[in-house]
Amino acid sequence: MDKQIMHAVELAGFGGPQVLQLGQRPLPVAGMGELLIRVAASGINRPDVLQRKGHYAPPPGVSDLPGLEVAGEVVAGDEAAMAEAGISLGDRVCALLAGGGYAEYCVAPVVQCLPVPKGLDDVQAAALPETFFTVWSNVFERGRLQPGETLLIQGGSSGIGVAAIQLAKAWGARVIVTAGSDAKCADCLALGADHAINYRSQDFAEEVQRITEGRGVDVILDMVAGSYVAREVQSLAEEGRLVIIAVQGGIKAEFDAGLVLRRRLVVTGSTLRPRPVDFKGAIAKALRREVWPLIEAGKIKSVIHSSFPAAQAAQAHALMESSQHTGKIVLTW
Ligand SMILES: NC(=O)c1ccc[n+]([C@@H]2O[C@H](COP(=O)([O-])OP(=O)(O)OC[C@H]3O[C@@H](n4cnc5c(N)ncnc54)[C@H](OP(=O)(O)O)[C@@H]3O)[C@@H](O)[C@H]2O)c1
């Protein structure tokens, strides 16, 4: 194959998994402050499914190819920016992207790259950036989770959830999760969660009251919203923080605003993809300082459900939508 042409998983339209098709693209070119990665593995995230369906367009100027995270080898780039970041040609890195990760090569801002943690393979490394950046930003920065506090994670077995469980436990917090089956609840407990609620057979708000003896939780990481918000507001302790990162259950919510006043609650949220490079670079620095040592010490794991050759991206997306997985699904090149 011509060196300037690469394979990539393209969207042949918006729709079901079958629109993901292996095609050919010109190699991207690293600009100022960027580097070029020969991709070994590309992580899959639920936002990629939204993009495939036509509900989550890439930010302006970003590749139309899906893919928010990769791991691979640095093969070119802005030498000054790389030198400042301590990155050299040939280094193995994992990177957070705003798009373009489902490809044999991609460009990434240098500041959004982190070294592959020692002891991790490419698949494990590719599964880290999107979830760890998101959890850091939302649970610790927006949610300000403190040691000794209690965190409720809606969707504990998701890619986001398995990162949040481990990070919060490493921080000395108590963790309650919800998940959609007893098997997934068991997976979350095995990862360190203190309590797991099967949201299909139990009411999470009642369970939170029982587990916390009526006090409520300090922080909620919510990827459901909709009808959950009213019960989440009820489930917060005084000064509690609700952080919404997705609206899988709907964008409209009705809740008791009186509780927000009386308990001095914070309702907040964010979405990572459109945020500026500097913002993401600051998170990368914090992760490298606070979290990478824990991964290298084996205290926090990259939880892989399965990996697929990139040509089977459609099967990988179908698996994600079937929601049978715990942890991450990854493509390999
Ligand atoms: N705001 C941001 O910056 C940002 C960044 C990345 C991801 N996200 C969002 O975070 C979510 C997780 O992403 P992911 O890649 O980790 O996806 P994923 O692995 O496919 O996880 C989706 C999760 O949603 C859970 N869920 C769905 N309905 C639920 C309900 N009613 N109650 C509790 N849990 C429910 C599922 O639980 P069961 O399978 O047990 O039903 C599953 O664990 C997605 O919605 C994604 O869009 C947001």
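Leaving aside its neighbours within four places in sequence, S235 is in contact (heavy atoms within 4.5 Å) with F204, A205, V208, Q209, G216, V217 and I220. I begin with this residue, colleagues, and shall then turn to the domains and the salt bridges. Please note that this is a predicted model, in which local features need pLDDT of at least 70, side-chain atom pairs count only at pLDDT 80 or more, and totals for chains, interfaces and linings use all residues. Residues are numbered from 1 along each chain as its sequence is written, and side-chain values use heavy atoms, with hydrogens and water left out.

S235 belongs to helix α8, residues 228–235. Helices (H or I, at least four residues) and strands (E, at least two) are DSSP runs, numbered from the N terminus. Is S235 buried or exposed? With a relative accessibility of 1%, S235 counts as buried. By the rule used here, buried means under 20% relative accessible area, exposed means over 50%, and partly exposed lies in between, with a 1.4 Å probe and protein chains only.

T134 sits in helix α4, which covers residues 129–142. Its contacts, apart from neighbours within four places in sequence, are P129, I160, I245 and L272.

Let me now describe the division of the chain. Domain 1 comprises 5–128 + 273–332, and domain 2 comprises 132–269; these bounds come from an automatic or database domain assignment. Taken over C-alpha atoms, the centres of domain 1 and domain 2 are separated by 27 Å.

How many residues of each domain are in contact with the other? In domain 1 there are 24, and they are in contact with 16 residues of domain 2. The area buried between domain 1 and domain 2 is about 1,700 Å², and carbon and sulfur atoms give 71% of this. Buried area here is the accessible area (1.4 Å probe) that two parts lose on being put together, summed over both. On the side of domain 1, I283, I300 and T326 lose the most area to domain 2, together 27% of what that side buries.

As for polar links, five residue pairs are in polar contact between domain 1 and domain 2, both residues being at pLDDT 80 or more. A polar contact is a pair of N or O atoms within 3.5 Å; within protein, one must be able to donate a hydrogen and the other to accept it, and residues adjacent in sequence count only if both atoms are side-chain atoms. Helices α10 (277–290) and α11 each supply at least two residues of the side of domain 1 that touches domain 2. The largest share of that side, seven residues, comes from α10.

Side chains of opposite charge can pair when their charged atoms come close. The rule asks for a side-chain nitrogen of Lys or Arg within 4 Å of a carboxyl oxygen of Asp or Glu. Across the interface of domain 1 and domain 2 it finds zero salt bridges, while a search of the whole structure finds 16.

One of them joins E10 and R25, whose closest N and O atoms are 2.6 Å apart. E10 lies in strand β1 (residues 5–11) and R25 in strand β2 (residues 20–26), so this pair ties together parts that are 15 residues apart in sequence. Another joins K118 and E296, at 3.7 Å from N to O. K118 is in the loop between β7 (113–115) and α3 (122–126), and E296 is in helix α11 (residues 292–296), so the pair ties together parts 178 residues apart in sequence. K118 counts as exposed at 64% relative accessibility, whereas E296, at 35%, counts as partly exposed.

A further salt bridge is formed by K169 and D194, at 2.9 Å from N to O. K169 is in helix α5 (residues 159–170) and D194 in the loop between α6 (182–190) and β10 (195–198), 25 residues apart. K169 is partly exposed, with a relative accessible area of 29%, and D194 is partly exposed, with 33%. Salt bridges that share partners also join E10, R25 and D64 into one network.

Finally, I come to helix α12, residues 313–322, in which A313, A314, A316, H317, L319 and M320 are buried. Their cover includes β1, β2, β3 (34–44), α1 (46–52), β14 (304–309) and β15 (328–332). After α12 comes S323, whose phi is positive, near 60 degrees.
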